[in-house]
Amino acid sequence: MHGDVDQQPVTVEDVGDDGVVIAAVHGDFDVDSFRDVREALFTCLNGRASALVVDLGDVGFFGSMGIAVLVEARQRADVVGAGFAVVAGRRTVARPIRMTDTEDLLRLHRTQDEALASVRAPSGQETDTGFSWWSS
């Protein structure tokens, strides 16, 4: 983390009575923060969440450690039967995900509203990720 203020790398918020939880990651998602982020995501998935939306809108640096944690969290979501989606509206986050061809696995969305709609859609009805606008 940069600066003198120690900010938590993840904040978790319940967003309704349907069990959907948003985990917003802050700062750099790197070797210094990935353990805290992983722990927060797994706590959500092992607890009360019917679905987890990981919001990366406040992430500066994002690389392979972040992708690995998200893939692992998606796998855990599948095991516990929870919905899963990722918000990556910033090119610095979306680009590494697209370059590793994991955008469909991670259910990548541009906005939190789109991600929430996707995890709340009836089972089997995927919503469009809307990343046709994004180019390399």
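Confidence in this predicted model is lowest in strand 1 (residues 10-14), at a mean pLDDT of 81. Confidence is highest in strand 4 (residues 83-87), where the mean is 97. For the protein, the mean pLDDT is 85. Of its residues, 85% reach 70 or more.

Two stretches need care. Over residues 1-5, pLDDT stays under 50. The model gives residues 1-5 five contacts beyond four places in sequence. Residues 131-136 also have a pLDDT below 50. That stretch has 15 contacts in the model beyond near neighbours in sequence. Where pLDDT is low, the predicted coordinates should not be read in detail.

Now look at the overall layout. The protein has four helices and five strands. Follow the chain along its sequence, and the pattern reads β-β-α-β-α-β-α-β-α. The protein has 136 residues, and buried ones make up 46% of them. Next, take the contacts between residues at least 6 apart in sequence. Of these, 65% join residues at least 24 apart.

Turn to a pair of helices. Two packed helices are described by the angle between their axes and the distance between the axes. Here the pair is helix 1 (residues 34-46) and helix 2 (residues 64-80). Their axes come within 10 Å and cross at roughly 10°. Angles under 35 degrees count as roughly parallel, so helix 1 and helix 2 are roughly parallel to each other. The crossing of helix 1 past helix 2 is right-handed.

Which residues in helix 1 and helix 2 meet? Helix 1 brings Phe34, Val37, Arg38, Leu41, Phe42, Leu45 and Asn46. Helix 2 brings Met65, Val69, Leu70, Glu72, Ala73, Arg76, Ala77 and Val80. Sort the residues of this contact by class, and there are eleven nonpolar, one polar and three charged.

Pick out one residue from that contact. Arg76 lies in helix 2. Leave aside its neighbours within four places in sequence, and Arg76 is in contact with Phe42, Leu45 and Asn46. Arg76 and Asn46 are 30 residues apart along the chain, and 8.6 Å separates their C-alpha atoms.

Move on to the loop between helix 3 (91-99) and strand 5 (108-109), where Asp101 is found. Arg107 has its place in the loop between helix 3 and strand 5 too. Asp101 has a positive phi of about 55°, although it is not a glycine. Arg107 is not a glycine either, and its phi is also positive, at about 55°. Now check their accessibility. Asp101 has 62% relative accessibility, so it counts as exposed. Arg107 has 12% relative accessibility, so it counts as buried.

End in helix 4 (residues 112-120), where Ala117 lies. The relative accessibility of Ala117 is 40%, so this residue counts as partly exposed. Ala117 and Ala85 are 32 residues apart along the chain. Their C-alpha atoms are separated by 9.8 Å.

Note on methods
Residues are numbered from 1 along each chain as its sequence is written. This is a predicted model: local features need pLDDT of at least 70, side-chain atom pairs count only at pLDDT 80 or more; totals for chains, interfaces and linings use all residues. Side-chain values use heavy atoms; hydrogens and water are left out. Axes are lines fitted to C-alpha atoms, for helices over the stretch in contact, and angles run from 0 to 180 degrees between N-to-C directions. Helices (H or I, at least four residues) and strands (E, at least two) are DSSP runs, numbered from the N terminus. Angles under 35 degrees count as roughly parallel, over 145 as roughly antiparallel, 65 to 115 as roughly perpendicular and the rest as oblique. A crossing is left-handed if the near helix is turned anticlockwise from the far one by less than a right angle, and right-handed if clockwise. Contact means heavy atoms within 4.5 Å. Ala, Val, Leu, Ile, Met, Phe, Trp, Tyr, Cys and Pro count as nonpolar, Asp, Glu, Lys and Arg as charged, and the others, Gly among them, as polar. pLDDT is the predictor's confidence in each residue, from 0 to 100. Buried means under 20% relative accessible area, exposed over 50%, partly exposed in between (1.4 Å probe, protein chains only).
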